[in-house]
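Here is a brief report on a two-chain model. Confidence comes first, then the interface.

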Amino acid sequence: MTEWMSNHLLTFLVFAPAIWGLLILCFPEKQAPLAKLLAIFGAAGLFFISAARLLTIPPEGPMNLVFAEHMPWFSVVGLPVEYSLSIDGLNLWLVLLTTFLTPLTMLGTYRSVTQRAGSFMALILILESGMLGAFMAQDLLFFYLFWEAMLIPMYFVIGIWGGDERKYAANKFFLYTLSGSLLWLVALLYLATKAGTFAPGIMAATALGLPFSVQCTLFLAFALAFAIKVPLFPLHTWLPDAHVQAPTAGSVILAGVLLKLGSYGFLRFALPMFPDAFSHYAKPIAMLSVIAIVYGALVAMVQRDIKKLVAYSSVSHMGFVMLGLASMTVVGTQGAMLQMLNHGISTGALFLLVGMLYDRAHTRMISDFGGVASKMPVFTTFFFIVTLSSIGLPLTNGFVGEFLILNGTYISGFPWGRVFATVATLGVLLGAVYMLWMVKKVFWGPENPDEDSGTQHLHSDLSVREIAVMVPIVVLIFWMGLHPRSFISVSEQPIVNLLHSAKAPDPRVRVQPMLKPESATKDGLKDGLAADGAAPAAPSISGEEVRK
Amino acid sequence: MQKIAWLIPILPLIGSAFNGLIGKKAGKKAVSIVGVGTVVASFLTALWVFFAMKDAPGHRLDLIYGTWMATGSLTVPFGLTIDPLSGTMMLVVTGISALIHLYSVGYMAEEEGYARYFCYLNLFVFFMLTLVLGNSLPLLFVGWEGVGLCSYLLIGYAFETETAPAAGLKAFLFNRTGDMGMAIGMMALFALFGTLTIGDILNQAGHMQAEVGFGVLTFATLMLFVGATGKSAQIPLYLWLPDAMAGPTPVSALIHAATMVTSGIYMICRLAPVFSLTPITMTTIAWVGGLTALLAATIGLVQRDIKKVLAYSTVSQLGYMFLGLGSAGFAAGFFHVFTHAWFKALLFLGAGSVIHAMHHEQDLFRMGGLKEKLPITFWTMLIATLCIMGIPGFSGFFSKDEILYLAFLKSPALWAIGLVAACCTAFYMARLMALAFLGEPRDSHAYEHAHEAPMTMTLPLVVLAVGAVVAGFWGIPKVLGGTFAVEHWLEPALTYGHAEAEAGSVHEGPAMMLMGISVAAAAGFGLFGWSLYKNGTEKSERLAAKFPGAHTILLNKYFLDELVEGYLLRPTRWFGNVLWKLFDVIIIDGIGVNLPGALTRVAGDFTALLQTGRVRNYVLSMGLGVLVLLYIFLK
């Protein structure tokens, strides 16, 4: 068993939650408490296993693909599909974020779901499988399958356990995302037929041989699917509905993990496969990101529902991620990496906290509150710390991410870099405006005297269970703010390689990072690896490090 | 051994953590000991490190403790720099903080949130010291935003009231607006110099020529100055400071008078070699400073709230400091920071003592005659008043006069503005003292119960009063036979990185005459205010009635708050609503998302009509189809 585990760790991580979830789904309604407990223990166990096994790699090592499983799987119309999972610097922390947030979310919303709670937890576990698979999949069709498979459990989570308008929200979420992916599928199949495989490295090499206009078209099809997921302005309107209608756990997973798949898709596939098209469209992408930053913040400012405010703040924060990616600098891209994690932690925590408030008061309207600080001091403290992280106060995680992104954009060398970085700074100010304005209305001031108001329904401060959920999050907020290198040093070398080859004039260098580690010769990467002035460390990927 | 300098900021942080986490359970006594003790320990450490720095080569200690951020070309270390500038500032901050922490023990004794208060106040000291000692701009920015946060929390200390949190929010947002400029300035410097470590930037700047016209460097420094206007309450971002008086009075003394609000000036001094390369920025700084000094001083003439008068006075004095900086007098500007820290902290603490005695009455028009009841407060405050008026021999005289003199060299118009502001200062300070301490008590009930404060509060008053007198002798100007020692002391910091140190500021012009004019003007207006108010408010009310228009405008602070609300905040909210309801809901969702959905449904409904279930319809359409096919194939 241990032998199998160490050889198939990734397979275990991807499929264990789904199998566990399917087992729990078989529990009768009466056994819901037991089912919930088992689900939480399962998810927590998975987190500990993933953390213990994945963090054994040296933190500063120049590694690329460290954990990997490859084997031929099946063929579609003569095109071989590979069962290919791997973890490297680009997805390590996203995988850990997923396994970290899932049990925490379950614990945080332990009492929130009362109807068919066992099935609810089971669906979250199945969702976790989909997300982990999507983060780890290296074969594009494999990735696509996970990408689409995730929609199904999420659709049910929103559609069954959601708020009053859950049907509209669930349909919108499903159709919006699906319609984006369809064009992507067409582009994927087109390119795969040309390349004769779904392996991204070979597809990238093929794409480079195509006329530039075709590359651009293919890139746009990829980008559309990813941009909807992020979501990038103006494709964001599914998000507020889905977030507001989804149950707390759904919102946390959606904001915490699902959105990152979009930006991760850009980084993992769209950028290395179509480097020329990516830099060709970097300006429009950056412009939409800046609009998203300011627009999301301005709209968040006028919301009356706390949850909707947080939802729109997501639009703004994910705009920063996209801006960092569009900068095509190491600093900006690393900032985007960190900001993905930041957003997962901070916004996930905000949704959890709003859920805790809603469980007690049964309202989320800002005007229904006032003076919550006197009623729930512990809750207020946690909420305030997370708010500081969300508005990017230095020494919290939010600052480092935004700071790197803005600086990376400013020095990008693109003529628009300085202007966009300057305008995007406005988002940092507006972030403080909407968050602190809401905090003032909800927490400070005299208690809302209205008997029906939310404040008057708050009879208890946070329980031990809820505190246990928040403490790890607060620890992470400061840890990431004080020592961001623990989290982004592992992605440094992959990103340096990626950007270097994306900008290199020699086409042979271009596809190197996409190829399998064995074939990435040292010499190929060594030549003038000086993107952004980072020291060109030779990527020493030996056979031993790749645990097959 | 000098490495222990990290203790200077960390000690207060430990105090803050203690008071925040277990302070409430540990009791007020433990909170007082830890809260005051950690700051005093920090002061003693600072003193030790200060002397170590004095002996160090080049009066400079660069201490690196590790790396904060490092990716691509960007590396930011955790490091502290101690040189004459940061060393002096660090002593001022820890010293005055220690006194005000002690004062708070008495002032806040009755408060419910005692532990919370000390948690925030300790945290403030931590952030302020990070700002002062940090060796890179991002680290300085940590302190910069951190003190803003503490200011927000302390202004909103009484969170269960309506006004205090609103004032806190206003302060934070005005500060953040400035911080935005600061962030942009940092990015521009990073793009230009490729580093954010202050020492490295200055080393490179030392080899550069002054910028002609409006270039990248001017843009960067102007943006940094925007940051300074936010933190140091200058036009156009000063509106938050008067409202910030909603916080407890010791907070006003420490944060909103002595330390935090001077960080804008400190930052510019820190980067003096860069700023002096950009003449456009320097001129802007001088004019903004001068105009702020004047504007705030005129508003201060008519305010009735004792703390509001002092708040406008602070804004005005900060304006002087910028006027000094902009006139190429970095040392003079910083010297005024130094002297102002003493006498303004003293004025606020004195005001706190008055408010404490009057049971939280802050209206000057309801005070009067307190001289006998509060002798220590009266005499110490009188010293501070003489300082701020610029009466020879008191500290404010030395620092303010140096600034006015340099302003004259820059432009006589700036000097004139500064002089008018000085007259206003003398008037409103005399008015404040006369209204509070002289004449008949106007609220006899509160007067009966008034009494001098406990030792923990009077001791800091006395210490500060001594400091306020002595501080000035550090910078006796050359025209009076001194050496302006402060400039010589700060020189290694202010000209760091320059290949060869520049000579001190050249002294020419009618220094003696200018000094005479300003002293005479200050004394004259001081006596005028004194005589107008010493017997009550009647004379002044008659005077106000003669100029109703001017009086209303001043009383309402030029209606600037209303302008900001009406022309900035409301339109922004309106714009947000338009974006949401028009763009999101109608255009994107309505036309882009739901319309295709609706069309699909309509198309479905339409085709559903064809499916009638009547066989004859199907036969008919089949027959028609066969005919069409036949026609096509047989043609």
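The sections below cover basis, confidence and the contact between the chains.

## Basis

This is a predicted model: local features need pLDDT of at least 70, side-chain atom pairs count only at pLDDT 80 or more, and totals for chains, interfaces and linings use all residues. Residues are numbered from 1 along each chain as its sequence is written, chains are lettered from A and ligands numbered from 1 in the order written, and side-chain values use heavy atoms, without hydrogens and water.

## Confidence in chain A

Among the elements of chain A, helix α18 (residues 377–390) has the highest mean pLDDT, 94. Helix α24 (residues 522–526) has the lowest, 36. Helices are DSSP runs of H or I with at least four residues, strands runs of E with at least two, numbered from the N terminus. Over residues 516–548 of chain A the pLDDT is below 50. Where pLDDT is low, the predicted coordinates should not be read in detail.

## Interface of chains A and B

Contact (heavy atoms within 4.5 Å) takes 61 residues from chain A and 54 residues from chain B. The buried area (accessible area, 1.4 Å probe, lost on being put together, summed over both parts) is about 4900 Å². Carbon and sulfur atoms give 72% of that area. In chain B, Arg176(B), Met187(B) and Trp580(B) lose the most area to chain A.

Note on methods
pLDDT is the predictor's confidence in each residue, from 0 to 100. Buried area is the accessible area (1.4 Å probe) that two parts lose on being put together, summed over both.
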